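Thanks for coming, everyone. Please have the sequence and the model open while I talk.

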Amino acid sequence: MNEVIVQQVYKTYQHQEIKAVSDVSFSVKKGELFGLIGPDGAGKTSLIRMLTTLLLPDAGSATVHGFDMVKDFREIRKRVGYMPGKFSLYADLTVEENLSFFATVFNTSIDANYDLIRDIYVQIEPFKNRRAGKLSGGMKQKLALCCALIHRPEVLFLDEPTTGVDTVSRKEFWDMLKRLKQQGITILVSTPYMDEASLCERIALLQAGKIMSIDTPENIVQQYPGKLYAIKSASMSNLLQELRNYAPINSCYAFGEYHHISFEKETSNMQNELIRYLQSKHQHALELKPVQPTIEDCFIKLMNATV
């Protein structure tokens, strides 16, 4: 059973000059952890805000837990939890007051659904009398998640929940999502961090409002065409320019301490020929090796193919 079904949804801004979401279709299975992966401006927030009935689409349709996102918006709001990218709780209320307020809005109580938020709330309970605006980034994140869960939603929407928090808090947050999934909650999460894609069961790669690929992270990586190589030298900036000037190179971009490259055609001598070419351009301390593609490599490949 699909908890979320999106069919050919469009959303534009500024008199249709900016296409935020363009012909997007996908579905999320019940109990699935589904990721929307893409950079800023890819359309992730617009898509989530439409599915949570905060924005109207220009065209297309979608259902959440069997309810139409336009006609049945009141029913959807009762059954979803939403954590926006920007901290949106009441900064002047304490942790406990915020949680009590949201429980009251949904006609429930903290005690009624405490089992669902227990593992998260115990981490912020020592600060329950502190104003929300005075919490650290990681603690704000945990409080916002508690408030989104306090009414036991069928579907949980999280818009870039780990942006702006430290590495430890990011890991803790994803561990919390895995535990929530075990309780049967369907989770749709967006993130600009490509390394978080592998933590989802399925992902949609978005760029400029369009979906480039939908599959499991493993399948997307396996579909990478050809071989990928990592290369570095003593002069990385000059190396990048030389690689882009070398005709047999198909793609080239900076990737951490290396540059990642792929060739137009695979030949037995291409690596040696590249090294000789770069040495003739006074590149020193060269290192070239084959590497396994990542989700980020696949995203760049797909993005270049659509340009």
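**A walk through the model**

Let me start with one residue. Setting aside neighbours within four places in sequence, L177 is in contact with L158 and I187. L177 is found in helix α6. It is buried, with a relative accessible area of 0%. Now look along the chain from there. P248 is 71 residues from L177, and their C-alpha atoms are separated by 44 Å.

A word of caution before I go on. This is a predicted model.

Now the whole chain. How many helices and strands are there in the chain? There are 10 helices and 14 strands. The C-alpha atoms fill a box of roughly 75 × 45 × 35 Å, taken along the principal axes. The chain has 307 residues, and buried residues make up 46% of them. What about contacts? Take those between residues at least 6 apart in sequence. Of these, 68% join residues at least 24 apart.

Is V95 buried or exposed? V95 counts as buried, at 0% relative accessibility. Which residues does V95 touch, not counting those up to four places away in sequence? The residues are Y121, I124, F127, K128, R130, L135 and L143. For a distance, take L145. It is 50 residues from V95 along the chain, and the two C-alpha atoms are separated by 12 Å.

On to helix α8. It spans residues 236-244, and its buried residues are L239, L240, E242 and L243. Seen down the axis of α8, these buried residues fall within an arc of 165 degrees, so they line one face of the helix. Here is the background. An α-helix has 3.6 residues a turn, so residues three or four places apart point the same way. What sits on the face of α8 turned away from the buried side? That face carries the exposed residues S237 and R244. And what covers the buried residues of α8? The cover includes three strands: β11 at 228-232, β12 at 249-255 and β13 at 258-263. It also includes helix α9, at 270-280.

Now open space. I'll take the largest pocket. About 580 Å³ of space lies in it. The largest pocket is lined by 28 residues. Of these, Y82, M83, P84, S88 and L89 lie nearest its centre. Two elements to find on your screens are β6, at 80-83, and α5, at 137-149. Each supplies at least two residues of the lining of the largest pocket. Which element gives the largest share of that lining? The answer is α5, with 6 residues. By class, the lining of the largest pocket has 14 nonpolar, 10 polar and 4 charged residues.

How many cavities of 30 Å³ or more does a search of the whole structure find? The search finds 1. The largest cavity has a volume of about 50 Å³. Its lining is D115, L116, D119, I120, M176, R179, L180 and Q183. Helix α4, at 114-124, and helix α6, at 167-182, each supply at least two of the lining residues. The largest share comes from α4, with 4 residues. By class, the lining of the largest cavity has 4 nonpolar, 1 polar and 3 charged residues.

Last topic, the cysteines. A disulfide here needs two cysteine sulfur atoms within 2.5 Å. How many disulfides does that rule give? The count comes to 0. Then C298. The closest cysteine sulfur to that of C298 is in C200, 15 Å away, again too far for a bond. C298 is buried too, with a relative accessible area of 4%.

To recap. The buried residues of α8 line one face of the helix. The largest pocket takes the largest share of its lining from α5. The largest cavity takes its largest share from α4. The disulfide count is 0. That's my tour.

Conventions: Residues numbered from 1 in each chain as written. Predicted model: local features only at pLDDT ≥ 70, side-chain atom pairs only at ≥ 80, totals over all residues. Heavy atoms only, no water. Buried < 20%, exposed > 50% of the residue type's maximum accessible area, 1.4 Å probe, protein only. Arc of directions from axis to C-beta. Contact = heavy atoms within 4.5 Å. 1 Å grid on protein atoms, 1.4 Å probe; cavity = no way out; pocket = protein on both sides within 12 Å on 5 of 7 lines; lining within 4 Å. Points joined across faces, edges and corners; volume = space filled by probe spheres on them. Nonpolar A, V, L, I, M, F, W, Y, C, P; charged D, E, K, R; others polar.
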